[in-house]
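Trainee: Could you pick one part of this model and take me through it closely? I'd like to see how it sits against its surroundings.

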Amino acid sequence: MSAIFTQKEEETGRVPALYRALANAPRLLQAWTDLALPLRYEVSAPRALRELMILRIAHLRRSRHEAEAHRRFAIEAGVPMAKIDAVADWRASEAFDEPERACLELVDTMTLSTRVPDGSYAGVRRLFTPAEQVELVLTVAFYHCVSSTLAALDL
């Protein structure tokens, strides 16, 4: 647990409240970071794109904590403020390119439905490698888990 806290302090200057709460179940904190860290640092799908997806999830799930944290990460990843500000109404914005639109469509479908129809996944399938497709789907699924955990633990 101390290694996880040290890594977060080095990365962000603090240990997030979520990690402090999860530390009450040390093995689960370890399992959490075993998925979270590779999703953040060891994937080939662009970080800026994944941060846009996470911001969209935060908007749809009304997760203020997640939105605040990932707004900073999006800026660090080079996402322009115009895109960050437009993510809430991305369909009406011309700020997003085809890959971003395909991924935001995936977020919306996975968040608002229990099934992802072929049409909603077609852009992701066409524009990304099979490995990136898995990374993108797991990003959405994991950050659904993050927003649910934050809400349930009242963080």
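Mentor: Buried here means under 20% relative accessible area and exposed means over 50%, with partly exposed in between (1.4 Å probe, protein chains only). Helices (H or I, at least four residues) and strands (E, at least two) are DSSP runs, numbered from the N terminus. Keep in mind that the model is predicted: local features need pLDDT of at least 70, side-chain atom pairs count only at pLDDT 80 or more, and totals for chains, interfaces and linings use all residues. Residues are numbered from 1 along each chain as its sequence is written, and side-chain values use heavy atoms, leaving out hydrogens and water.

Let's look at helix α8, residues 118–127, whose buried residues are Ser120, Tyr121, Gly123 and Val124. These four sit on the same side of α8, because they cover an arc of only 145 degrees around the axis (the arc is that of the directions from the helix axis to the C-beta atoms).

What covers the buried residues? The cover includes α7 (98–112) and α9 (130–152). Take α7 to begin with: its axis comes within 8 Å of that of α8, and the two cross at roughly 140 degrees. That makes α7 oblique to α8. Axes are lines fitted to C-alpha atoms, for helices over the stretch in contact, and angles run from 0 to 180 degrees between N-to-C directions. Under 35 degrees counts as roughly parallel, over 145 as roughly antiparallel, 65 to 115 as roughly perpendicular, and the rest as oblique.

In residue terms, α7 brings Glu98, Pro99, Ala102, Cys103, Glu105, Leu106 and Thr109 to meet Ser120, Tyr121, Gly123, Val124, Arg126 and Leu127 of α8, where contact means heavy atoms within 4.5 Å. Zoom in on Gly123 in helix α8: it counts as buried because its relative accessibility is 13%. Its C-alpha atom is 9.7 Å from that of Glu100, a residue 23 places away along the chain.

Now follow α7 to another partner. α7 also packs with α4 (47–61), at an angle of about 35 degrees with the axes 10 Å apart. From α4 come Leu49, Leu52, Met53, Arg56, Ile57, Leu60 and Arg61, touching Pro99, Glu100, Cys103, Leu104, Leu106, Val107, Asp108 and Thr111 of α7. Pro99, Cys103 and Leu106 are listed in the contacts with α8 and with α4.

Arg62 is exposed, with a relative accessible area of 75%, and has a positive phi of about 55 degrees although it isn't a glycine. Ser63, by contrast, counts as buried because its relative accessibility is 8%. Beyond its neighbours within four places in sequence, Ser63 touches Ala58, Ser147 and Leu150.

Finally, α9, the other helix named in the cover of α8. Its 23 residues should span 33 Å at 1.5 Å a residue, and its end C-alpha atoms are 33 Å apart, so the two agree (the expected span is 1.5 Å times one less than the number of residues). In the segment after α9 lies Asp154, a residue other than glycine whose phi is positive, near 55 degrees. At 70% relative accessibility, Asp154 counts as exposed.
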